[in-house]
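User: I've got a model open and I'd like to learn how to read it. Can you walk me through it, feature by feature?

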Amino acid sequence: MGAGGFMKILTRILTLIYMAMLCYVSIQPGPVGKGADTVRQVVNNILHIPAYGLLVFLIIKSFPKFKHIYIASFLFAVAFGVFNEYLQSFVPGRYPSIMDVLLNGIGSLIVALFYAKRRRVDQRP
């Protein structure tokens, strides 16, 4: 196996580990009661954007030769975010949120569009 094959496998393993970490963070019990810190909630919500952008980046790097990787990585990341929100419905103090899904989608879309545009520019004669 060459260096390229090793890096592809390593990137795929890192992607799976990152997805497991996102699931782990998502299923941590939330604060119970009305005392949830508003600043903490806003920061946590905003962190969805880079978190899912990073997921798209890792997926793109894991499958660089896949023809429609930008669309596929975006759709996969959004579906994964929906799955995580569903998991939260079973965790005390947590609940599924459409806003979180939208923020996941925004982060995913930003990175997917960035790489799609970059690829188009790189392919110009």
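Predicted model: local features only at pLDDT ≥ 70, side-chain atom pairs only at ≥ 80, totals over all residues.

User: Is S108 buried or exposed?

Analyst: The general idea is a cut-off: buried means under 20% relative accessible area. S108 comes out at 0%, so it counts as buried.

User: Which residues is S108 in contact with, leaving aside neighbours within four places in sequence?

Analyst: For contacts, you look for heavy atoms within 4.5 Å. Here S108 is in contact with Y52, G53, V56, F74 and A77.

User: And zooming out, what are the elements of the chain?

Analyst: Five helices and zero strands, so reading from the N terminus you get α-α-α-α-α. Of contacts between residues at least 6 apart in sequence, 78% join residues at least 24 apart.

User: How much of the chain is buried?

Analyst: Buried residues account for 31% of the 125 in the chain. As for the accessible surface, it totals about 8,500 Å², with 73% of that belonging to carbon and sulfur atoms.

User: Which residues make the nonpolar surface patch?

Analyst: To join a patch, a residue needs over 30% relative accessible area. In this chain, F6, M7, I9, L10, I13, L14, I17 and M21 make a nonpolar patch of about 720 Å².

User: Where does L10 lie, then?

Analyst: L10 is in helix α1, residues 3–26. Its relative accessibility is 32%, so it counts as partly exposed. Compare S108, which counts as buried at 0%.

Technical notes
Residues numbered from 1 in each chain as written. Heavy atoms only, no water. Patch = residues over 30% accessible without salt bridge, like charges linked within 9 Å, V, L, I, M, F, W, Y side chains within 5 Å. Areas by Shrake-Rupley, 256 points an atom, 1.4 Å probe, with all protein chains shown as cover. Salt bridge = Lys/Arg side-chain N within 4 Å of Asp/Glu carboxyl O. Helix = DSSP H or I, 4+ residues; strand = E, 2+ residues; numbered from the N terminus. Buried < 20%, exposed > 50% of the residue type's maximum accessible area, 1.4 Å probe, protein only.
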